[in-house]
Amino acid sequence: MALAELERDPAGGGLFASPVPPPCRSRPCVLGVDEAGRGPVLGPMVYAVCYCPKEELQELEALGVADSKTLSEAERERRFGLLEAAGGLLGWALQVLPPQHISACMQQRAKYNLNELSHDTAMQLIQHALDNGVQVAEVFVDTVGPAEKYEAKLRGRFPGLEVTVRPKADALFPIVSAASICAKVARDRAVKCWNFTEDLGDDIDRDYGSGYPNDPKTKEWLRRNLQPVFGFPGLVRFSWGTAQELLRHGGVPVTWADEDPSQDPSAPPSVLSYFTRSSPPPLPHRFFQERSLKALAEL
C-alpha cells in the first residue's frame, strides 16, 4: 500500500495516494483537507485530502471518524484501517513535507512562511484529485490563518468548487476528520520508521517525546543529538526557534569575515588563500593565432 512506500523512505517525502474509487470518477464528491505535524520541531508535516461521493457521507460517519487529536494512536490506526477497507467508495492522498524542506522554505531569501507553504500544499492536493478524475463538487478545509482570507484564496484558485474553510473543521465535518486521521497516521509512521543517515551509534536514540518544542523530553533529545559542528540530524526542523537556540549555545561559533583580509589584518583568512593561483599561459604570437597553428606538444 501507499503508506508502506512512505515507511521505506520517510525522509524522502513526496506524494502518496490510494487508487481513485470508480464512483468518485462519476458522482459529485466532497473533499476534506487537514494536516498533521504543523507545530513539532521533529519530523515531517503531512497534508491529507480525503474524498467520497456526497451521498456516501453517512457511510463515512458510520465508520466513526473523528478529529485525530481526540483519538489514541491505536484507535487512529484502527480507524485508518476502516478507511482503507472502504476503498471502493473513499479515496485519499497525502503530501509529506520533510523537516529540511520545511526549514529551507522558511529560511529562503524570498519570504515564504509556514502558512503559505500550508496553503500551497493544500491546493496541490486538491488539484491532484481533480487531475486524477475525482468529480470534486465541495471542499471543506481546516483553516490555517484567517478563515475568510483562506477561503477567498481557494475560491479564486478553484472557481468551480464550493469551498468552506472553518476553524476546527476536523471536528465539524466528517470528511475533514477522515483526512485528519490519514495525515496523523502517516506522520506517526514516518517518525517511527525514520531512517537516520547520520552516524548516531549502533543503538539509535528514538526517545523523542512528543516532538513539540515545549516537551522537556524532546528538548533533552535535541541536546543529546546536537553535533557541535554539523548541527542536528535530518529529523529536526533546524529553522524552529528551539533548535536554533540550542545550536547557538551548544554549537561551534562561526565568524563571517566582512572585510578583505588584506585590508583587515584581524579578519580570518579568505577561503581562496588555501588554494594556489596559477597564471594563465601566455598567448602565442598573432601569426600563429591567425593561422590556428598550435605547438605540437599541445595537440
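Trainee: How many aromatic pairs does the structure hold?

Mentor: A pair of aromatic rings is described by the distance of the centres and the angle of the planes. Rings of Phe, Tyr and Trp (its six-membered ring) pair if their centres lie within 6.5 Å; planes under 30 degrees apart count as stacked, over 60 as edge-to-face and the rest as tilted. This structure holds four such pairs. The model is predicted: local features need pLDDT of at least 70, side-chain atom pairs count only at pLDDT 80 or more, and totals for chains, interfaces and linings use all residues. Residues are numbered from 1 along each chain as its sequence is written, and side-chain values use heavy atoms, with hydrogens and water left out.

Trainee: Why is the pair of Phe 80 and Trp 92 tilted?

Mentor: The ring centres of Phe 80 and Trp 92 are 5.8 Å apart and the planes stand at 55°, so the pair counts as tilted.

Trainee: What are the distance and angle for Phe 196 and Trp 221?

Mentor: Their centres are 6.4 Å apart with 40° between the planes, again a tilted pair. Phe 196 is buried at a relative accessible area of 12%, and Trp 221 is buried at 0%.

Trainee: Which residues form one aromatic cluster?

Mentor: Phe 196, Tyr 208 and Trp 221 do.

Key:
Buried < 20%, exposed > 50% of the residue type's maximum accessible area, 1.4 Å probe, protein only.
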